Amino acid sequence: MNSWYSCGCTLALTGLVGCSLVEYSPNQTHMPATERALTNQALQRLQAHPKGKSDTVRFVFVGDTQRFYDETEQFVASVNRQRNIDFVFVAGDISDFGLAREFRWVHERLQQLQVPYLTVVGNHDLVGNGRAIYQTAYGPLNYTFRYGGTKFICLDTNGREYSFGARVPDVPWLQQQLQDTTGSRHTVVISHVPPTDEDFDPALVPSYTAALRGCPRLVFHLSGHVHRFSAGKPFHDGVTYLTTYSLAKHRYHIISLWGQRQFRLETVTYGPDA
Amino acid sequence: MASHLLLAVLLASPLVAVAQEQLANQTSSPSLLGRHQKYPMPANGDKKPWYRPRHVVLQTGGGIGMIAAGVGYGLGKDRNELDILLGYVPTKYAGSSLSIATAKYTYSPFVLPVGERWQVRPLTIGGYISYTHGTINDEEKGQYAKGYYWFSTDTRVGPVLGSRLAYQRRTREGQTRNISFYYELGSNDLYILSYVQNRKALSVGDILTLSLGLKADF
């Protein structure tokens, strides 16, 4: 009964790999319970190690992990060798095709970090049903947190994914968050698409940049999306805009914040070129 | 675009077939009326019009629906099969309710009889193309410049590989009809690309999907 044998073997093998393989759609939102609300989980871990209001906050800043899984593993190994890092921030495009499995593949690797990691949603994360997947896996698209006297405002600026229409980014929400300075000494705004990019809703560039300009506590505006480092004051209004590398560039930034609006930017190279 | 057209044609063909059949029944000559057989069965076998589907299919998983149902055709001694499926995923599992149209072609080179009534097809290989309707961000016209996202968010293609176990029942007329259970391991273009570019980080197991299904001849 060779056929029975071969059939039995194949079926048993199939049984082994389990039911999580039974995927209804690559666009499905289903996540195991431990892989939901990751933003909240990370913030709880972060707040478990509180900092004084006057302490220096030091965090790793990188963008665009999308489909760079080999590089993400090298990145995690490098960050885990750093000392005195409070958290890691990934500036969007966690996934490339906005598929649930991609988010899980990235999280599987980033959860190996010794410090919590936080994210903001990127345009690729909004492809297909990515918005619902991001909301399930991480949480709200716009959120804030405070750490060591710094208020971090993280928001969705991927206007093109909503066919523009002056709705994203949510500028009134941003203004409100910039005004509410309770318990913080300075403010940092993080988004995926910078307002200098053509994927940012052109109708909202004036109000968005004006809101930032109106906040004297703002240290700078951080973004990913362009896969390279840039720093400057493109709107000639005193507001600094920084962009960071994608994982493919084998480089990340370490940002230190202290004092009123002081900061230091270090660049770390990792992987085969390091 | 061509893939969408192909899919539309494939989806329409069983409907057209049924319609033609009904039309043929209605217009058959009066002299045959009463003796008209729905499917003329010559003594030497089980001949049916080429366009009539041979089996119905019900499947879960494989990236083409929580539940996918459809019809299929057997070709070349029934070792090749073409199935047309419509799948559904409710909002609870996908953030929006998804309808997925799929055309799947499989080939089973070995058919092993087991006893009188059972049959095993240890290997089934094939591929599918699916089109998903109802995603949240559905690429509105003019939203992106050409090639902004080089991949389609709606159309997936991928290979499948599996096995099948069939039970042969006999109809009152003495014809054989199979009811079979199958499973298929599959993947899709985007998962495969992810694996190819990340051979160290990802394993083949990471990109596999499993589907379980039933097929019944009728």
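The model is predicted, so local features are reported at pLDDT of at least 70 and side-chain atom pairs at pLDDT 80 or more, while totals for chains, interfaces and linings use all residues. Residues are numbered from 1 along each chain as its sequence is written, chains are lettered from A and ligands numbered from 1 in the order in which they are written, and side-chain values use heavy atoms, with hydrogens and water left out.

Helices and strands are DSSP runs numbered from the N terminus, a helix being H or I with at least four residues and a strand being E with at least two. Two strands are taken to pair if DSSP finds at least two bridges between them. In general, the strands of a sheet pair through backbone hydrogen bonds, either parallel or antiparallel. Chain A contains an open sheet of five strands in the order β3-β2-β1-β10-β11, and the pairing is mixed. Its edge strands, which pair on one side only, are β3 (117-119) and β11 (262-269) of chain A. From one strand to the next, the twist averages 25°. Strand β2 (residues 87-90) of chain A runs parallel to β3(A) and is joined to it by three bridges. Within this pair of strands, A:Phe89 stands opposite A:Leu118 of β3(A). Helix α2 (residues 38-47) of chain A lies across β2 and β3 of chain A, at about 140° to β3(A). Such angles run from 0 to 180 degrees between N-to-C directions, and the axes are lines fitted to C-alpha atoms, for helices over the stretch in contact.

A:Tyr138 is found in the loop between α5 (130-137) and β4 (143-147) of chain A. Residues are called buried under 20% relative accessible area, exposed over 50%, and partly exposed in between, using a 1.4 Å probe and protein chains only. A:Tyr138 counts as buried because its relative accessibility is 3%. Contact is defined as heavy atoms within 4.5 Å. Leaving aside residues up to four places away in sequence, A:Tyr138 touches A:Ala37, A:Leu38, A:Thr39, A:Asn40, A:Ile94, A:Phe103, A:His107, A:Tyr117 and A:Thr119.

Helix α6 (residues 171-179) of chain A has the buried residues A:Val171, A:Trp173, A:Leu174, A:Gln177 and A:Leu178. These lie on the same side of α6(A) because they cover an arc of only 155° around the axis. The arc is that of the directions from the helix axis to the C-beta atoms. The buried residues of α6(A) pack against β4, β5 (150-155), β6 (186-191) and α7 (205-213) of chain A. On the face turned away from the buried side, α6(A) carries the exposed residues A:Pro172, A:Gln176 and A:Gln179. At the start of α6(A), the backbone nitrogen of A:Trp173 has a side-chain oxygen of A:Asp170 within 3.2 Å.

In general, side chains of opposite charge can pair when their charged atoms come close. A salt bridge is a side-chain nitrogen of Lys or Arg within 4 Å of a carboxyl oxygen of Asp or Glu. Over all chains, the whole structure holds 16 salt bridges. One of them joins the side chains of A:Arg58 and A:Glu266 (3.3 Å, N to O). This pair links distant parts of the chain, since A:Arg58 lies in strand β1 (residues 57-62) of chain A and A:Glu266 in strand β11 of chain A, 208 residues apart. A:Arg58 is buried, with a relative accessible area of 16%, whereas A:Glu266 counts as partly exposed at 21% relative accessibility.

A salt bridge also joins the side chains of A:Arg146 and A:Asp180 (3.8 Å, N to O). A:Arg146 lies in strand β4 of chain A and A:Asp180 in the loop between α6 and β6 of chain A, so this pair ties together parts 34 residues apart in sequence. A:Arg146 is partly exposed, with a relative accessible area of 34%, and A:Asp180 counts as partly exposed at 31% relative accessibility.

In chain B, B:Lys215 forms a salt bridge with B:Asp83, with the closest N and O atoms 2.7 Å apart. B:Lys215 lies in strand β9 (residues 209-217) of chain B and B:Asp83 in strand β3 (residues 80-89) of chain B, so the pair ties together parts that are 132 residues apart in sequence. Both B:Lys215 and B:Asp83 are buried. A network of salt bridges links B:Glu81, B:Asp83, B:Arg164 and B:Lys215.

Chain B as a whole has three helices and nine strands. Of its 218 residues, 44% count as buried.

Terms used: A polar contact is a pair of N or O atoms within 3.5 Å; within protein, one must be able to donate a hydrogen and the other to accept it, and residues adjacent in sequence count only if both atoms are side-chain atoms.
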